[in-house]
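Work through the exercises below with the model open. Try each task before reading its solution.

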Amino acid sequence: MLSSTDHDKLQQIMQENPENEALINRLLTSHQMEISTISHEIRNPLTLVYSTLQLIESQHPEVLTFSHWTELHQDIEYMKFLLEDLSSYNNGERLELTPVSASTYFRRIALSFAASIVDTDIEFVSSIPEDLPEISADPVKLRQAVLNLLRNACDALNKKAPDSQKPVITFSVSLQTDSLHIGVRDNGCGIAPEDQKTIFEPFVTHKPDGTGLGLAITRRIIQAHHGTIAFNSVLHNGTTFTLTLPVQ
């Protein structure tokens, strides 16, 4: 699978002349189709295995007390998540663009996320003006990209010492010249300096249950929207991610 650096180099080569672009696009399309086919072929039998486990549990409840039964379930769940993330990464550049009212759209995301953490001690602060312009975006994939960052912020706060300052996530959207700037900031554990160079690389993760594709998916979706993603992080003092999207 291409790393983010490889992907950037391909983009540069594609911009050099139309023949390069056409050839590389054909190669990338073929690559994506192969990954989609493999994911599909794995997902089908995995779903059957999961259904069979549920059937066994219903007919023989005693298996719930067996050693390693819970771990077996967790391993299958992880494989399902991995295949879903792999599919999202593979299809991250395939957009279905539509005009989106930025103010309404991002406020809905903020409300949805706020509802998901209502039972936690995390303070969520959002700043979204009412007069933001319309943008051209894939609403499903852009939502996925933003929620990936918000969930990562939650994870960073969960890793922080319980006696530290109150956990806070700040979500902001603003118009700056001809771009929309979306910020997600937390005062969590931060990203270690040695890990910062690889956070967008596929399958690189420092979470015990992570697939290592979340930020790679987010980056691919934002770049497909002709936008950018940047971050600033200080160990033990929080992280800020900033997305920029062009305005119509």
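**Exercise 1. Locate T177 and decide whether it is buried or exposed.**

Solution. Start with the place: T177 sits in the loop between β4 and β5. Strands here are DSSP runs of E with at least two residues, helices are runs of H or I with at least four, and both are numbered from the N terminus. Next, the backbone: T177 is not a glycine, yet its phi is positive, near 60°. Last, the surface: T177 has 77% relative accessibility and so counts as exposed. The cut-offs are under 20% relative accessible area for buried, over 50% for exposed and partly exposed in between, with a 1.4 Å probe and protein chains only.

A note on the source: this is a predicted model, where local features need pLDDT of at least 70 and side-chain atom pairs count only at pLDDT 80 or more, while totals for chains, interfaces and linings use all residues. Residues are numbered from 1 along each chain as its sequence is written, and side-chain values use heavy atoms, leaving out hydrogens and water.

**Exercise 2. In what order do the five strands form the open sheet?**

Solution. The order is β2-β4-β5-β7-β6, with mixed pairing. Two strands pair if DSSP finds at least two bridges between them. Now find the edges: β2 (123-127) and β6 (228-233) each pair on one side only. Then take β6 and β7 (residues 239-246): they run antiparallel, joined by six bridges. I229 stands opposite L243 in β7.

**Exercise 3. Which residues have the most contacts inside the largest nonpolar core?**

Solution. A nonpolar core is a set of buried Ala, Val, Leu, Ile, Met, Phe, Trp, Tyr and Cys residues joined through side-chain atoms within 4.5 Å. The largest has 44 residues, and F106, L142, L150, I169 and F171 have the most contacts inside it. Among the elements that each supply at least two residues of this core are α4 (102-116) and β3 (134-137). α5 gives the most, nine residues.

Now zoom in on L142. Not counting residues up to four places away in sequence, L142 touches Y105, F106, I135, A137, I221, I222, H225 and L245. Contact means heavy atoms within 4.5 Å.
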